[in-house]
Amino acid sequence: MGGASSYIAMLSIAGFLGAAWTASKVSRLLGISSIVLEITVGVALGPRGFGLVDPVYTVCETKRVDDCTAPDDLEDHIAHGLSLGPTLGRIAGLGVCNPADYSHGDHGHGSHGSGLFNMTVDYVGGAQPMEDAHASDDHSDGEHSSEHAAEVPMDDGSHSAGHSDSHASDSHASDSHASDSHASGHGSSHRRLSGGNYHSYSECLVKECEHEVSESCGSFPDFFTLIGHAGVGLMIFESGMHFDFEKAKIVGLPACCVAVLGTILPLIVGSALTVLFGRPLMPDGISAGTALAPTSVGIALRLLGEAGVLQENFGQAIITAAFVDDILSLVLFNVLFSLGGEFDMFKTVYAPIIGVAFMLFAMWLAVNFWPKFLPQYILARVPKKKDAQAKISAQDEALFFFMFALLFVYATITHFLGTHLWGCFIAGMSFACLNPPHHAHHVWVKQTKRVTSWMIRIFFAGTVAFTIPLQQLMSIEAFWKGSIMGIFACIGTKVVCAPFMGKARWVIGWAMVGRAEFAYLIAQMALSAGMLDAGTFSVVIWALLYATIFAPFIFRLLLNRYVASEGLGDGAAGTGFSDSDSDIWGEEKENSKKDEDDLEDIDVAGALKNKPTEYGQSSPGGEMKAVDARAVRNADDKGKSGFLCCLFFKKVVVH
């Protein structure tokens, strides 16, 4: 009965989404980050927990169809030329694993599998493995071509020759070896970063199979992963819209120094700890360090605004440093995932350079071109709607369409340079200087807020939570390793990243500690790409949770103390928590304000815009939201208290 079955599936998904939504709201009441409870709900209700959500929705189709699990008698199957099954047999037929590379133990070479591909030297530096030094001795390809003949079982039961007497005519001919980085043929040029050090032919088959599956799942992910990654892209676009070019000129140099230290230190310490925990530097160490590098600007932005010190130099230094930190992390992210295969000079070196040049050009357009071109040549030619009661004008619809168009164009460009997320951020920056200030952001949020919030909620409760290996996460080993990495690599390195910022150095340092979507995304994608194993991924998740939980509380405490000691701002900051980074701008209340446009018409917002010291009104890239109570107080000083107080009272009653 298809109807009955589909209803149960719908009921299960609805129950899961309802639980994730409840977790977000409970987090608000408890004053903690929603990320923690959303991940907890996903782990508990996912396939690895109680199984409310069926794996058919959480595992990509390729992974469900292609089984890379090695049978217990795989070595016997290989030795006797038996079928390896449809999946491993297909990998064997691709020729990415060469049996002769693992059969030199009886010829004075030692075990070729034990002296394998040195990932750090060979991949990053482009050097050959140490074993390739044998190419200079008397063991040439021709001399062992017949000795090391091996038959590779195919999925159809047939066999292909490894290094045989037909060596000159098969796919492993000497001329093809000459084009490989392994001139002697002792190492497969197809060994990838994700595969790690292969100690045997059977291990090579399994690891290469897992790599092929992860690549396919990266291109065609499961439903929850697709939705979650789309939400992160929209969130990063929105974040870019808040980049303040004017303030960046004032606090740019010290903020950039903070950002550089805040990016490099977690990378170095995280990588070092991963190596100390027994994992290789490449790819595990670099992947873990990269996941710890990004800073979440959201909590800092909200707390600074609530304390009324966003316009102060130290406040703008925090925001600018956080945004530059995100840019550096995007570049690092781009380089990391360009290392997902063989060493490619374009992907690893040239693409990041081209990407930085493209970003600088796009920033110039954002400041000098788009603010003039869009209003004068695009929006001015859009006919106005005849319906005066329309909730959104034709010009705003055209602007929204142009936002999406530029988002797709920039994301596509940077996709071919490494990652589309870079383009998402650059596209958002393109609308940071439009006039009137913040209007573009308001248009975007009004149309996408609810969708983005749900996508980000699904990202944490689904995309991240479903990939967490529950057994490894709850192990004592993962907890103590994650605690060490969380305290020293994730928190400690950010806290000390502003030693030259005077009295505000600890406030700025703790403001940089917060983590959100981007950090978890890097960890999840590294796991999917085979660049992190399940154990190390669990350690990284624990480390990120430490920062997610403790950063807001300690930053709020230090911020309030600093504001009080310096006599700044309008009062203490609140909790600083929201559903996610996509809610960092406080737009949920703004979206639900029925009379928001009326506020602009009666010049309430205009009054605030004329006061550059007010929260969010200091420059085009600042925060849109103005605190209503403060708006009333400032307007009251100008003799407008009666009307505005009535308006404020109306808003309070309505909401």
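Asp72 is exposed (over 50% relative accessible area, with a 1.4 Å probe and protein chains only), at a relative accessible area of 86%. The model is predicted, and local features need pLDDT of at least 70, while side-chain atom pairs count only at pLDDT 80 or more and totals for chains, interfaces and linings use all residues. Residues are numbered from 1 along each chain as its sequence is written, and side-chain values use heavy atoms, with hydrogens and water left out. Asp72 is located in the loop between helix H3 (61–65) and helix H4 (74–79), helices being DSSP runs of H or I with at least four residues, numbered from the N terminus.

The whole structure contains three disulfides, defined as pairs of cysteine sulfur atoms within 2.5 Å. With bonded cysteines counted along the chain, the pattern is 1-6, 2-5, 3-4.

In the disulfide of Cys60 and Cys217, the sulfur atoms are 1.7 Å apart. Cys60 lies in the loop between helix H2 (34–45) and H3, and Cys217 in helix H8 (residues 201–219), so the pair ties together parts 157 residues apart in sequence. Cys60 is buried (under 20% relative accessible area), at 4%, and Cys217 is buried at 13%.

Cys68 and Cys209 form a disulfide with sulfur atoms 1.9 Å apart. Cys68, in the loop between H3 and H4, and Cys209, in helix H8, are 141 residues apart. The S-S torsion of Cys68 and Cys209 is about -70 degrees, so this disulfide is left-handed.

Cys97 is joined to Cys204 at an S to S distance of 2.0 Å. The S-S torsion of Cys97 and Cys204 is about -90 degrees, so the disulfide is left-handed.

Note on methods: Helices (H or I, at least four residues) and strands (E, at least two) are DSSP runs, numbered from the N terminus.
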